[in-house]
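Trainee: Could you take me slowly through one part of this model, beginning with a single stretch and then showing me the chain around it?

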Amino acid sequence: MTGMYVLLAQSLNIMLGYCGLLSLATPAFFGMGAYASTLLTLRLGWDSSMTLACATAVGALSGVVLGVPSLRLSRHSFVIVTLSAALLLQIVASNWIGLTRGALGIADIPTARLFGIALEGKSAWLAFMAVLSALAVAATWLIVSSRLGRAMVAVRDNEPLAIAAGIDPLKIRLFAFACSGALAGLAGACYAHYLSFIDPGIFGFSISESLLVMVILGGAGTLWGPVAGAVIFTVLPEALSMAPEVKSLIYGVLLLLIVLFMPRGMARWFGRPLAAGAGTGK
Amino acid sequence: MDASLFLQFLANGLSVGLGYGLAAVGLALVFGILEQVNFAHGEIYMVGAFTLWFLGQSMGMPYWLGYPVMVAAMAAFGLLLAEVVFLPTLNRPFETVILATLAVSIILQNLVRLVFGATPLHIDSPLDGTTLELGGVLFFGQRIFVAVVAVVALAGLVAFLRRTETGRAMRAMAQNKDACLMVGIDIRRVTRITAAAGAALCALASGAMAPMFDLYPNMGTDVVFKSFAVVIIGGMGNISGAMLAGLLLGVAESFASGMLGATYRDGVGFALMIIMLLLRPQGIFGKSVRV
């Protein structure tokens with residue numbers, strides 16, 4: 001689960017931290033990936049190496065499909081539309097019973113089977129997710145330290161100047177949306193095979209809620225901040241075995257406090273040199 | 001479809017639509033004047049309904065007394081929201097406000113879940129079961145009440161914004177915050193009043209509509225999305241636009257659920273919103289007309 005949240009946290013981090021766009025569509029990509037991989041496995045019997053790749057591609061594609069209309073909007077509308085996209089998919093998943101079995105959800109999803117080797121037991125999953133998280137962090141690092149990543153930061157900090165320098169903001173943001181979608185789609189597929197059960201609830205807001213706490217408290221726009229946030233906020237509630245309501249309540253209070261008093265997150269404490277203006281967006 | 005069925009759908013849609021409009025107007029007001037999106041708007045609706053239930057069940061207040069008490073309590077809550085969220089963030093990027101109000105909505109939702117549990121509750125109203133038949137069309141008492149409350153509240157709001165000094169200051173702030181400072185308008189006071197008025201309008205809608213539906217801690221989510229759809233269709237921050245868009249949504253939903261089936265009802269708002277965003281992102285009426 002921690003590994004899954006590392007993927008998701010980086011997915012949100014690319015949007016919020018590096019592009020300065022508050023996207024609440026992460027659960028939409030996550031759910032698309034989960035359903036895509038599940039249905040390909042159950043209906044077509046594909047190997048998980050294929051279904052995971054497809055889930056990633058579906059996530060990226062969803063990012064582009066959502067990005068084309070929503071990125072043209074004012075930034076207020078953008079937030080609302082990304083949130084609505086997740087909710088709309090939840091309605092579709094609940095009502096397209098022939099495909100998704102509706103609100104009953106899909107149970108008994110087989111565990112991931114990579115090139116004929118099944119991932120059995122917690123330790124196999126732990127190793128697999130550790131590798132995936134490391135790859136995700138590496139991929140994020142590659143993206144944000146490339147020309148494209150620097151263009152994202154440029155568009156975030158000063159859009160007119162970036163345009164003057166020959167950067168197309170729409171293309172850059174679409175690319176970021178696709179990366180974000182790909183990571184979340186992959187995370188969704190892992191979630192489905194790990195828990196062996198999915199229902200339309202995975203499109204819900206609760207994932208965004210945890211993610212915002214992880215990414216913002218960890219430090220949006222830094223490479224390791226969200227990773228630290230993801231690890232802390234999956235391990236702590238487990239270790240303290242909190243009731244979900246109490247956990248969410250604490251997350252809400254934390255989020256309010258961070259946003260009001262500590263907009264740059266924990267990363268500030270470590271004196272890590274932040275990219276100029278990093279934070280919850282400008 | 002025969003004429004009386006058509007009229008029945010239309011009457012249902014208009015009464016529900018007036019309620020949607022009333023709920024969304026508070027959101028439009030806060031957006032138009034403060035230029036801030038209040039994601040906790042749906043939770044004001046939800047907490048209002050639960051407060052009304054609590055006043056009726058535990059304090060024995062009749063509906064007619066509990067309703068105004070609840071609206072006053074939610075207006076006070078709006079003031080609190082202004083102190084905690086809107087005032088400290090007046091000069092911060094708008095994402096800060098969105099995140100802060102999201103946090104407030106998470107807190108409220110889970111508090112209510114902890115206090116009241118997840119079992120759906122029901123509010124009794126003296127109008128339950130009363131109906132009025134007019135030319136073959138059946139009007140339910142509670143729905144007529146919703147429509148009356150909505151019309152009176154909106155007329156009151158428009159009069160307030162047009163005629164009073166405070167209302168004029170609110171409209172001035174919607175146009176230009178810096179110019180307000182120059183002519184000596186107290187922005188902090190206007191912010192407080194706007195937040196309280198937005199919450200009170202939402203509570204009015206909540207109290208009038210709550211007896212028609214079950215209460216559950218997630219109910220605010222549905223309301224806030226419908227309100228977002230309404231506000232986007234009508235033009236962000238446009239008050240009369242929000243009202244008309246609310247009516248439009250109510251009627252469209254009524255016909256969709258009557259003719260296609262109830263599962264399509266909740267999709268209608270999203271579909272309208274998406275079409276609107278693709279074709280005319282500034283909304284039907286644009287931003288220019290504020291009142």
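Mentor: Helices are DSSP runs of H or I with at least four residues, strands are runs of E with at least two, and both are numbered from the N terminus. This is a predicted model, in which local features need a pLDDT of at least 70 and side-chain atom pairs count only at 80 or more, while totals for chains, interfaces and linings use all residues; pLDDT is the predictor's confidence in each residue, from 0 to 100. Residues are numbered from 1 along each chain as its sequence is written, and chains are lettered from A and ligands numbered from 1 in the order in which they are written.

Let us begin with helix α9 of chain B, which covers residues 219-234.

Helix α8 of chain B, at residues 187-209, can be read in the same way. Its 23 residues reach 33 Å from the first C-alpha to the last, close to the 33 Å expected. Because 19 of the 23 residues of α8(B) are buried, this helix too is largely enclosed by the rest of the structure.

Followed from the N terminus, the elements run α-α-α-α-β-β-α-α-α-α-α-α-α. The radius of gyration of chain B, taken over C-alpha atoms, is 19 Å, close to the 19 Å that the globule rule gives for 291 residues, so the chain is as compact as a globular protein of that length; the rule is 2.2 Å times the number of residues to the power 0.38. Along the principal axes, the C-alpha trace of chain B spans about 60 × 45 × 35 Å. Burial can be counted for the chain as well, and 51% of the 291 residues of chain B count as buried. Among the contacts in chain B (C-beta atoms, placed from the backbone, within 7 Å) that link residues at least 6 apart in sequence, 78% join residues at least 24 apart.

In the model, residues 44-65 of chain B are 82% helix and 0% strand, with end C-alpha atoms 19 Å apart. Residues 225-250 of chain B are 85% helix and 0% strand, and the end C-alpha atoms there lie 14 Å apart.

Finally, chain B has a partner, and the contact between them takes 29 residues from chain A and 29 residues from chain B. On the side of chain A that touches chain B, the elements giving two or more residues are α4 (75-95), α10 (206-218) and α12 (244-261) of chain A.

Note on methods: Contact = placed C-beta atoms within 7 Å. Buried ≥ 20, exposed ≤ 12 C-beta atoms within 10 Å, placed from the backbone. Expected span 1.5 Å × (residues − 1).
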